[in-house]
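Dear colleague,

I am handing over the structure below, together with notes on what I found when going through it. Please read the notes with the coordinates open beside you.

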Amino acid sequence: MSTNSGTASQPTSPPLSRVERADNGRSLRLITTVMAVTCGFAVANVYYAQPLLGLIAHDFSVSRGAVALVVTLTQLGYAVGMVVLLPLGDMVENRRLAACTLVATAAALTAAALAPSFTLFLVLSVLVGLASVVTQLVVPIAAHLAPPGRGGRMVGRVMLGLLLGIMLARTLSSLVADAWGWRSIFLVSAAIMLVLSLLVWRVLPRRVPHDAPSYPRLMASIGRLIVAEPALRRRAICQGLLFGAFSAFWTTVAFELTDQFGMGQVGIAMFALVGAAGAIAAPIAGWLGDHGRGRIGSGAALTLAVLGLLIAAFFSSNLIALAAAAVMLDFAVQSHQVLSQHEIYALRPDARSRLNTVFMATVFTCGAACSAIAGTLHDRLGWPGVCLFAGALPLVGLGVWVAHAASVRRTARGDASVRSDG
């Protein structure tokens with residue numbers, strides 16, 4: 001019951017009263033800000049290594065193709081974390097789960113920073129990715145707290161923090177590595193995770209899922225969701241293809257910037273900062289979702305990604321064109337993700353964490369596979385080969401979108417025909 005309903009004096013439990021206050025003004029803004037910051041810094045852990053692959057390869061004396069496994073395994077760990085940990089968001093008190101997972105992330109990051117061998121660093125990269133799934137534990141909380149009719153915008157604001165984390169992670173890690181070495185970013189992030197765990201515990205409202213099933217039943221229900229929700233399958237596949245293209249691009253672009261333009265870590269950091277302009281897509285996409293423009297926005301995002309990757313493939317000798325391609329790709333990926341999550345969260349409000357499990361596990365499994373493929377392609381076919389491979393992925397997604405749009409139009413014509421006959 002909202003505090004502006006005129007019945008605020010009615011007795012309520014402490015957790016509910018905090019949520020009620022969050023529905024108005026300052027409390028909701030503070031909670032949204034904390035969630036956005038947490039999402040941004042937590043998801044950045046998955047991306048810190050991307051611009052540092054050359055330094056890591058040199059330190060451990062491994063090839064570029066081999067060092068790309070760092071990105072692949074971190075993303076695979078993230079995907080595993082979403083399958084194993086994310087469903088707990090529909091079962092365990094959310095604030096405590098998020099705070100404890102942040103502490104575990106700090107421990108994994110500290111161990112990775114001290115890893116003496118490449119093999120051990122790869123193992124710890126999996127654990128870093130797995131623990132960083134706290135990001136996806138926080139996003140559904142935003143959907144639960146959002147006032148009616150504002151779900152897309154509130155998720156969009158939290159996603160803006162997440163997307164800025166993705167975009168700025170490369171800039172931050174490059175600058176920190178340039179100053180103190182590549183291992184230092186993991187120690188810095190570990191300290192940030194500990195601070196965020198305290199902040200989450202103090203600020204986020206307590207939320208206990210109602211009538212939660214047992215963990216085995218919870219896991220079994222994920223398969224039923226996949227079968228029962230075609231929109232979930234379609235959104236997961238299309239976003240997975242887009243994210244695969246995104247991962248292929250950003251896993252190898254640092255090599256291209258070094259080889260083609262002679263950039264060091266600071267130059268790579270500045271390039272990544274330009275790419276971060278794509279994060280403005282989140283609030284725009286949230287608005288589109290709330291106003292029923294999700295389908296056309298999704299088609300535009302897929303088209304933009306294809307065009308961006310074609311520019312990257314054929315105009316890579318021009319740094320401005322390459323930067324524009326990065327912005328286009330990032331804008332496309334982020335806007336499509338917000339629109340996708342806005343749609344799937346509306347399917348079953350009682351199962352948002354499990355829906356997000358299917359969606360994000362698919363996305364990061366595709367990303368991990370494409371990162372590995374991109375490393376091999378770059379060794380054998382160079383940058384154009386990577387970009388053409390990446391460009392083919394959203395093109396397939398666009399085909400899925402066209403098929404769905406045609407199906408919606410056929411259904412609408414059929415309904416109109418039935419009404420006219422009646």
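Predicted model: local features only at pLDDT ≥ 70, side-chain atom pairs only at ≥ 80, totals over all residues.

Residues are numbered from 1 along each chain as its sequence is written, and side-chain values use heavy atoms, with hydrogens and water left out.

The protein has 17 helices and zero strands, where helices (H or I, at least four residues) and strands (E, at least two) are DSSP runs numbered from the N terminus. Of its 422 residues, 54% count as buried; buried means under 20% relative accessible area, exposed over 50%, and partly exposed in between, with a 1.4 Å probe and protein chains only. Among contacts (heavy atoms within 4.5 Å) between residues at least 6 apart in sequence, 85% join residues at least 24 apart.

Turning to packing, helix H15 (residues 294–314) and helix H16 (residues 319–345) have axes that come within 8 Å and cross at roughly 155°. Axes here are lines fitted to C-alpha atoms, for helices over the stretch in contact, and angles run from 0 to 180 degrees between N-to-C directions. H15 and H16 are therefore roughly antiparallel to each other, a label for angles over 145 degrees, with under 35 counting as roughly parallel, 65 to 115 as roughly perpendicular and the rest as oblique. The crossing of H15 and H16 is left-handed, that is, the near helix is turned anticlockwise from the far one by less than a right angle, clockwise being right-handed. Residues making this contact include Gly294, Gly297 and Ser298 of H15 and Ala321, Leu322 and Ala325 of H16. By class, the residues of the contact of H15 with H16 are 16 nonpolar, six polar and no charged, with Ala, Val, Leu, Ile, Met, Phe, Trp, Tyr, Cys and Pro counted as nonpolar, Asp, Glu, Lys and Arg as charged, and the others, Gly among them, as polar.

H16 also packs with helix H12 (residues 230–261), at an angle of about 160° and with the axes 10 Å apart. H12 and H16 are therefore roughly antiparallel, and their crossing is left-handed. The contact of H12 with H16 has 20 nonpolar, five polar and four charged residues.

Among the residues of H12 is Arg234, which counts as buried at 16% relative accessibility. Leaving aside neighbours within four places in sequence, Arg234 is in contact with Glu343, Val400 and His404. Gln50, in the loop between helix H2 (25–44) and helix H3 (53–60), is buried as well, with a relative accessible area of 1%. Not counting residues up to four places away in sequence, Gln50 touches Val71, Gln75, Arg170, Trp250, Thr251 and Ala254.

Two further residues deserve a look. Ser61, in the loop between H3 and helix H4 (64–67), has a positive phi of about 55° although it is not a glycine, and Ser61 is exposed, with a relative accessible area of 67%. Phe389 lies in helix H17 (residues 352–421) and is partly exposed, at 22% relative accessible area. The C-alpha atoms of Phe389 and Phe249 are separated by 9.7 Å, although the two residues are 140 apart along the chain.
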